[in-house]
Amino acid sequence: MRQGQASRTAVRVASTLLTLNEVPAWSGKLPAGLAAETEAILLKAGLPGVGPAFIADCKSPRTVANFSRYERWVPGMFEGFGRRKCFMEAAFEGAMADGIDQVVIIGAGFDTLALRQAPAHRHVTFVEIDHPATQAAKRRGLQGVDLPANLVFLAADLGVTSLAEELERLELSGQYDRSKASFAILEGLLMYLSARDVRHVFQKLSVSAATGSRAAFSHLVSLNQHYVTQGIVRLMGEPWRSACRPDALSSYLPGPWQVTETAPLVTPRDLEGYAIAARNAA
């Protein structure tokens with residue numbers, strides 16, 4: 001991420017979802033309201049080059065065709081964004097069904113899950129944690145929106161301060177309770193961290209997540225393929241740093257986290273995998 005600028009990856013993911021929503025095969029598959037709310041945020045976020053013409057281009061047949069070709073070249077780089085949104089939404093619904101009433105979205109970007117779900121789950125506290133520059137852009141995109149009282153925005157550079165420290169700060173303000181189980185979402189984040197930093201994030205999450213907590217996350221499958229795409233993200237200033245096969249996730253996460261569910265890969269060359277881990281007793 002460039003200093004003082006919103007994450008280019010976060011913008012790319014959000015805009016790609018607008019394109020995916022125009023694909024006939026994906027009609028009605030994305031979570032309800034996701035595309036409309038994402039478009040509204042992007043239009044008001046004040047991002048360089050992101051305006052009505054940009055949005056129209058994202059939704060154009062030409063862009064849909066180009067991205068569909070890209071999907072054949074790098075499986076998961078286009079439709080995978082939609083699959084992981086659906087996976088995270090289903091994981092959230094499972095957490096709600098099990099009575100978890102704290103949701104923490106780490107590296108939220110322009111994700112809309114909390115915005116869409118908080119009004120329907122007034123007893124649940126939703127916390128979005130993101131880099132200050134990216135979160136500031138999102139907050140601009142939400143100007144004029146009546147935000148639910150149970151949605152908390154926390155701007156934090158987790159490269160400078162730790163996740164445990166930030167959640168402790170929320171606890172002191174009465175907006176989080178580490179003695180209660182929570183549901184964390186780490187979507188499109190771990191690949192930008194080294195394997196050591198991935199373990200560090202989950203270790204810090206353990207400090208602030210009671211037994212019975214769970215985390216839904218996406219992960220890069222391999223650093224030994226898709227070299228052109230890796231070069232593109234490196235030029236964007238947000239290189240990929242770690243990957244793990246779905247069958248090796250137990251070595252990717254530290255104890256007391258245990259993987260309880262993984263989504264099957266669509267092809268052996270899929271870019272990302274998605275999984276859920278539970279925090280067991282230490």
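Entry 1: I looked up the contacts of V103, taking contact as heavy atoms within 4.5 Å. Beyond its neighbours within four places in sequence, V103 is in contact with F92, M96, V124, T125, F126, V127 and F183. The model is predicted, so I note that local features need pLDDT of at least 70 and side-chain atom pairs pLDDT 80 or more, while totals for chains, interfaces and linings use all residues. Numbering runs from 1 along each chain as its sequence is written, and side-chain values use heavy atoms, without hydrogens and water.

I then looked up the nonpolar cores, each a set of buried Ala, Val, Leu, Ile, Met, Phe, Trp, Tyr and Cys residues joined through side-chain atoms within 4.5 Å. Buried means under 20% relative accessible area, exposed over 50%, and partly exposed in between (1.4 Å probe, protein chains only). The largest core has 40 residues, and L42, L47, V103, F110, F126 and F183 touch the most other members. Helix α5 (residues 79-97) supplies the largest share of this core, six residues. A second, separate core holds 30 residues, including L193, A215, F217 and A277.

**Entry 2: helix α8.** I took helices (H or I, at least four residues) and strands (E, at least two) as DSSP runs, numbered from the N terminus. In α8 (residues 163-172), I found L163, A164, E166, L167 and L170 buried. G174 follows α8 and has a positive phi, near 80 degrees.

**Entry 3: aromatic pairs.** I counted rings of Phe, Tyr and Trp (its six-membered ring) as paired if their centres lie within 6.5 Å, with planes under 30 degrees apart stacked, over 60 edge-to-face and the rest tilted. The count is six aromatic pairs. Y70 and W73 form a tilted pair, with centres 5.2 Å apart and planes at 40 degrees. F92 and F126 are also a tilted pair, at 5.9 Å centre to centre and 40 degrees between the planes. Because F92 lies in helix α5 and F126 in strand β2, this pair ties together parts 34 residues apart in sequence. Both F92 and F126 are buried.

**Entry 4: cysteines.** I searched for disulfides (cysteine sulfur atoms within 2.5 Å) and found zero. The sulfur of C58 is 19 Å from the closest cysteine sulfur, in C86, too far for a bond. C58 is buried, at 7% relative accessible area, whereas C86 is partly exposed, at 27%.
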